Amino acid sequence: MGLKVLLIAGGIAAGLTSPALAQGCVRPGERAAIDLRAVQSNLMVAAIACGRTDDYNQFVRRHQTDLGAAHHTVFGVFRRAHGAQAQRQYDEYITNLANAQSQEGIRQGSHFCRDVAPLFQAALAAPNSTAVAALSEQHRVTNPLPISACPATRQAATPAPRTAQAQQPPR
């Protein structure tokens with residue numbers, strides 16, 4: 001119960017601010033990692049609030065390798081966007097993510113545990129991390145990080161090949 005109170009108090013104290021990815025964007029694989037981490041965080045908040053720690057632990061064990069890889073990928077996004085401040089910004093984001101999800105639980109009140117049950121079922125049944133990441137959008141998992149996709153990279157334009165022009169003799 002103490003961790004639940006801490007999450008709630010932290011959410012109120014943090015005011016739901018979130019580090020921006022200044023001059024940053026996310027690539028498709030990075031977006032999937034962010035979504036996976038958001039689902040994991042939401043399940044962690046629900047596990048604490050709804051007494052589903054066994055389900056959460058089962059989820060983490062099943063997807064442990066992918067969750068670790070997602071952590072490194074998301075941290076890489078922050079490193080690219082924030083350089084030397086990456087660790088602080090990443091820690092702030094993870095805290096704000098849990099706080100925002102906790103606030104959503106508070107907003108839902110007594111319906112939260114009932115409403116999050118299908119997410120637990122789907123996450124436990126998901127065959128891989130790609131399927132878990134897709135649950136973020138399907139279940140409208142709260143994520144306070146403003147995410148913009150990186151523009152598609154273009155191939156460098158190559159100049160048109162020169163055509164041999166017949167030189168006319170001067171007249």
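Arg 88 sits at 43% relative accessibility in this predicted model, so Arg 88 counts as partly exposed. Its salt-bridge partner is Glu 92, with N and O 3.2 Å apart. Glu 92 comes out at 30% relative accessibility, which puts Glu 92 in the partly exposed class too. Both residues belong to helix α5 and are four residues apart, about one turn of the helix. On an α-helix there are 3.6 residues a turn, so residues three or four places apart point the same way.

Asp 35 is at 11%, and because buried means under 20%, Asp 35 counts as buried. Arg 31, with a relative accessible area of 37%, is partly exposed.

Then there's Asp 115, which bridges to Arg 114 with the closest N and O atoms 3.0 Å apart. Asp 115 is partly exposed at 37% relative accessible area, while Arg 114 at 52% counts as exposed.

| Salt bridge | N to O distance |
|---|---|
| Arg 88 and Glu 92 | 3.2 Å |
| Asp 115 and Arg 114 | 3.0 Å |

The count for the structure comes to seven salt bridges. Arg 27, Glu 30 and Arg 80 are also tied together, in a network of salt bridges.

Now for the rings. The structure holds four aromatic pairs. Take Phe 78 and Tyr 90: their ring centres are 5.7 Å apart and the planes meet at 75°, so this pair is edge-to-face. The pair links distant parts of the chain, with Phe 78 in helix α4 (residues 64-82) and Tyr 90 in helix α5 (residues 86-108), twelve residues apart. Phe 78 and Tyr 90 are both buried. They also belong to one aromatic cluster, together with Phe 75 and Tyr 93.

That brings us to α4 itself. It has 19 residues and spans 27 Å from first C-alpha to last, close to the expected 27 Å at 1.5 Å a residue. Its buried residues include Leu 67, Ala 70, Val 74, Phe 75 and His 82. Among the elements covering the buried residues of α4 are α2 (28-50), α3 (53-62) and α5. Just past the end of α4, Gly 83 adopts a positive phi of about 55°.

Note on methods
Residues are numbered from 1 along each chain as its sequence is written. This is a predicted model: local features need pLDDT of at least 70, side-chain atom pairs count only at pLDDT 80 or more; totals for chains, interfaces and linings use all residues. Side-chain values use heavy atoms; hydrogens and water are left out. Rings of Phe, Tyr and Trp (its six-membered ring) pair if their centres lie within 6.5 Å; planes under 30 degrees apart count as stacked, over 60 as edge-to-face and the rest as tilted. Helices (H or I, at least four residues) and strands (E, at least two) are DSSP runs, numbered from the N terminus. Buried means under 20% relative accessible area, exposed over 50%, partly exposed in between (1.4 Å probe, protein chains only). The expected span of a helix is 1.5 Å times one less than its number of residues. Contact means heavy atoms within 4.5 Å. A salt bridge is a side-chain nitrogen of Lys or Arg within 4 Å of a carboxyl oxygen of Asp or Glu.
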